[in-house]
Amino acid sequence: MAFVKAVLRAYKKYDVDPSDALREAQIAPALLEHPSTNVTASQFEALCRVAMQQLDDEALGWYSRPLPWGTYGLLCRASLTSPNLGVALKRWCRHHRLLTEGTFIWT
């Protein structure tokens, strides 16, 4: 449930109602009050997908500016032609740093 609440922090940051995302993920709002409650991987994946699209932020509020929907797909495609994993990771980090300006915000 802690991961679900972390996603819901982004909704609070952007002042958006998370009801649609919770409904699509089939997570009852009453469950949020019980920290020991679990959700399935499918439920969490659905919640994240909807949240990232609704908020147009794939980082869900972690950085000083939103990462628009499709950003991580772009980073993946930029690394696909790498000759090995080491080069792919270096490319990913370099490009990610350009997009996020290295500013991580956790509120």
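**The whole chain**

This is a predicted model, in which local features need pLDDT of at least 70 and side-chain atom pairs count only at pLDDT 80 or more, while totals for chains, interfaces and linings use all residues. Residues are numbered from 1 along each chain as its sequence is written, and side-chain values use heavy atoms, with hydrogens and water left out.

Display the protein as a cartoon. Five helices and zero strands are present, and the pattern along the sequence reads α-α-α-α-α. Helices (H or I, at least four residues) and strands (E, at least two) are DSSP runs, numbered from the N terminus. The C-alpha trace spans about 50 × 25 × 20 Å along its principal axes.

Of the 107 residues in the protein, 32% are buried. Buried means under 20% relative accessible area, exposed means over 50%, and partly exposed lies in between (1.4 Å probe, protein chains only). Contact means heavy atoms within 4.5 Å. Among contacts with a separation of 6 or more, 54% join residues 24 or more positions apart.

**Helices H1 and H3**

Select H1 (2-13) and H3 (41-55). Two packed helices are described by the angle between their axes and the distance between the axes. At what angle do H1 and H3 pack? The angle is about 10°, and the axes are 10 Å apart. H1 is therefore roughly parallel to H3, a term for angles under 35 degrees, whereas angles over 145 count as roughly antiparallel, 65 to 115 as roughly perpendicular and the rest as oblique. The axes are lines fitted to C-alpha atoms, for helices over the stretch in contact, and angles run from 0 to 180 degrees between N-to-C directions.

Now show the side chains at this contact. From H1 come Phe 3, Val 4, Val 7, Ala 10 and Tyr 11; they meet Phe 44, Leu 47, Cys 48, Val 50, Ala 51, Gln 54 and Leu 55 of H3. By class, the contact of H1 with H3 has eleven nonpolar residues, one polar residue and no charged residues. Here Ala, Val, Leu, Ile, Met, Phe, Trp, Tyr, Cys and Pro count as nonpolar, Asp, Glu, Lys and Arg as charged, and the others, Gly among them, as polar.

**The largest nonpolar core**

Select Val 4, Tyr 11 and Leu 47, which touch the most other members of the 18-residue largest nonpolar core. Such a core is a set of buried Ala, Val, Leu, Ile, Met, Phe, Trp, Tyr and Cys residues joined through side-chain atoms within 4.5 Å. H1, H2 and H3 are the elements that give two or more residues to this core, and H3 supplies the largest share, six residues. In soluble globular proteins, nonpolar side chains tend to be buried together.

Remain at Tyr 11. Leaving out residues up to four places away in sequence, Tyr 11 touches Val 16, Asp 17, Pro 18, Ala 21, Val 50, Ala 51, Gln 54 and Leu 55.

**Arg 49 in H3**

Arg 49 also lies in H3 and is partly exposed, with a relative accessible area of 36%. Which residues does Arg 49 contact, leaving aside its neighbours within four places in sequence? They are Glu 24 and Trp 69. The C-alpha atoms of Arg 49 and Trp 69 are separated by 9.8 Å, and the two residues are 20 apart along the chain.

Select H4 (residues 71-79), where Thr 71, Leu 75 and Ser 79 are buried. These three residues cover an arc of only 70° around the axis, which puts them on the same side of H4; the arc is that of the directions from the helix axis to the C-beta atoms. An α-helix has 3.6 residues a turn, so residues three or four places apart point the same way. The buried residues of H4 pack against helix H5 (85-100).

Move to Ser 82, in the loop between H4 and H5. Ser 82 is buried, at 14% relative accessibility, and touches Val 87, Ala 88 and Arg 91, not counting residues up to four places away in sequence.

**Loops on either side of H2**

Finally, select Asp 15, in the loop between H1 and H2 (19-24). Asp 15 has a positive phi of about 55° although it is not a glycine. Is Asp 15 buried or exposed? Asp 15 is exposed, with a relative accessible area of 71%.

In the loop between H2 and H3, select Gln 26. Its phi is near 60°, a positive value in a residue other than glycine, and Gln 26 is exposed at 64% relative accessibility.
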